[in-house]
Each structure stands twice: as structure tokens, then as C-alpha cells.
Amino acid sequence: TISFWGDTQEVMTSSRTVGDVMAEYGYNMNEIDAAPGVDAPVTEHLAIMLTEKPEAAEARRAREREAERVSRGIPRYRAAYTMHASAYLPSDGGGSGITASGIPARRGVVAVDPNVIPLGSRLYIPGYGEAIAADTGGAIVGQKIDLCMESYDEAIQFGRRNVEVYVLE
């Protein structure tokens, strides 16, 4: 049997090694790891477990993001990140409602780590829309982003989640 992504198929083969079976059934050994290994001999009732290599998985996700971008009409972008997002209100923090870059906090203003996304960058976040990176925060370090919301209910409903962040050209 060959198992991959939760799908198991029973196969018949005259191949001598697991690698030969993978080639016979169209699996790319540069993208897929096998257990037992590719040099293992094929025996009766052998169970082959396939897993996607991390580099191949990231390349596949990049292709999927590009396909989604094209299908959803995301504007042209120069970088894309998967980031952990949280929501904030203009009154959070010091309560002044003024961001680190001096503009008022409102929907469409986001807090970022300026070492990852420079302040002033225009962004697109599916499900949130276009935004400007105009604020920072003590907890916003690395691959984190804080999205300004209009109401407490909207912020609570958003919660915390991973989002795609596109840095527009």
C-alpha cells in the first residue's frame, strides 16, 4: 500500500525498491520522503508511508497563494507573509488613539514589527482589506500583526488567527 495525505491505495508492482514504486506511481522523490526509505526492497504486503518534504510544502503553499491572489484580484505585491494576527482598538495602549507614526488609529491601520514590514508600507490582508503599516506595539515582534478594528465586538469576533499579509508595490 502507498499512503499519502491520508489517502491509502493498494498497488501491485514488479518494482524492486520503494523508490522504483514511487517513480512508477508518479511521486517526485525530490518532494516526497518515504518510509521505509527509497532504497528499501519491495516485499509482499509492504506499507509505504509518504510525506511531503518541508521545502516542497512551502513551494506548494506559495503556488496556492499565487493562485488565490490571481483569483481574488489581490493587487500586485512585492512580499507575502503568513503572520499571527490579533485585533486592537484605537483606545488601546496609551489611549490617545495616535499611532507610532503619528496618524490616528482607525480601521485600515495596522501595527507591525518595522524590522519585518517597514512603517508606511501599504498592505493587503484578505478578509480585512487594504491597510497601512503605521503602528508598532510591544508584543508585535517578528511575524505578528495587530489590526485596528472599529468596535470591541468586531475585535472580539476577529480574535487571533493566522492571516496572509501582502506588502503591495
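Here are a few worked exercises on the structure above.

This is a predicted model, where local features need pLDDT of at least 70, side-chain atom pairs count only at pLDDT 80 or more, and totals for chains, interfaces and linings use all residues. Residues are numbered from 1 along each chain as its sequence is written, and side-chain values use heavy atoms, with hydrogens and water left out.

**Exercise 1: the overall build**

Work out which elements make up the protein and how spread out the chain is.

Step 1. Start with the elements: there are 3 helices and 10 strands. Both kinds are DSSP runs numbered from the N terminus, with helices being H or I of at least four residues and strands being E of at least two. Reading from the N terminus, the order is β-β-α-β-β-α-β-β-β-β-β-α-β.

Step 2. Next comes the spread. The radius of gyration is 23 Å, well over the 15 Å that the globule rule gives for 169 residues, so the protein is more spread out than a compact globule. That radius is taken over C-alpha atoms, and the rule is 2.2 Å times the number of residues to the power 0.38. Along the principal axes, the C-alpha trace spans about 70 × 30 × 25 Å.

Step 3. Of the 169 residues, 37% count as buried; buried means under 20% relative accessible area, exposed over 50%, and partly exposed in between, using a 1.4 Å probe and protein chains only. For contacts (heavy atoms within 4.5 Å) with a separation of 6 or more, 58% join residues 24 or more positions apart.

Step 4. Finish with charge. The protein carries 16 positive and 24 negative side chains, and the centres of the two sets lie 7 Å apart. Lys and Arg count as positive and Asp and Glu as negative, while His and the chain ends are not counted. Each charge is placed at NZ of Lys, CZ of Arg, CG of Asp or CD of Glu.

**Exercise 2: Ser121 and Ala131**

Find where Ser121 sits and what it has to do with Ala131.

Step 1. Place the residues. Ser121 is in the loop between β6 (109–111) and β7 (122–125), and Ala131 belongs to strand β8 (residues 129–135).

Step 2. Check burial. Ser121 counts as buried because its relative accessibility is 6%, and Ala131 is buried too, at 9%.

Step 3. List the partners, skipping neighbours within four places in sequence. Ser121 touches Arg78, Ala131, Ile132, Ala133 and Val167. Ala131 is in contact with Gly108, Val110, Ser121, Arg122, Leu123 and Ile125.

Step 4. For Ala131 and Leu147, 16 residues apart along the chain, the C-alpha separation is 8.7 Å. A polar atom of the Ser121 side chain also lies 2.7 Å from the backbone oxygen of Pro118.

**Exercise 3: Thr51**

Is Thr51 buried or exposed, or something in between?

Step 1. Thr51 is part of strand β4 (residues 48–52).

Step 2. With 46% relative accessibility, Thr51 counts as partly exposed.

Step 3. Beyond four places in sequence, Thr51 is in contact with Phe4, Glu31, Ile32 and Asp33. Arg65 is 14 residues from Thr51 in sequence and 21 Å away in space, C-alpha to C-alpha.

How values were computed
A polar contact is a pair of N or O atoms within 3.5 Å; within protein, one must be able to donate a hydrogen and the other to accept it, and residues adjacent in sequence count only if both atoms are side-chain atoms.
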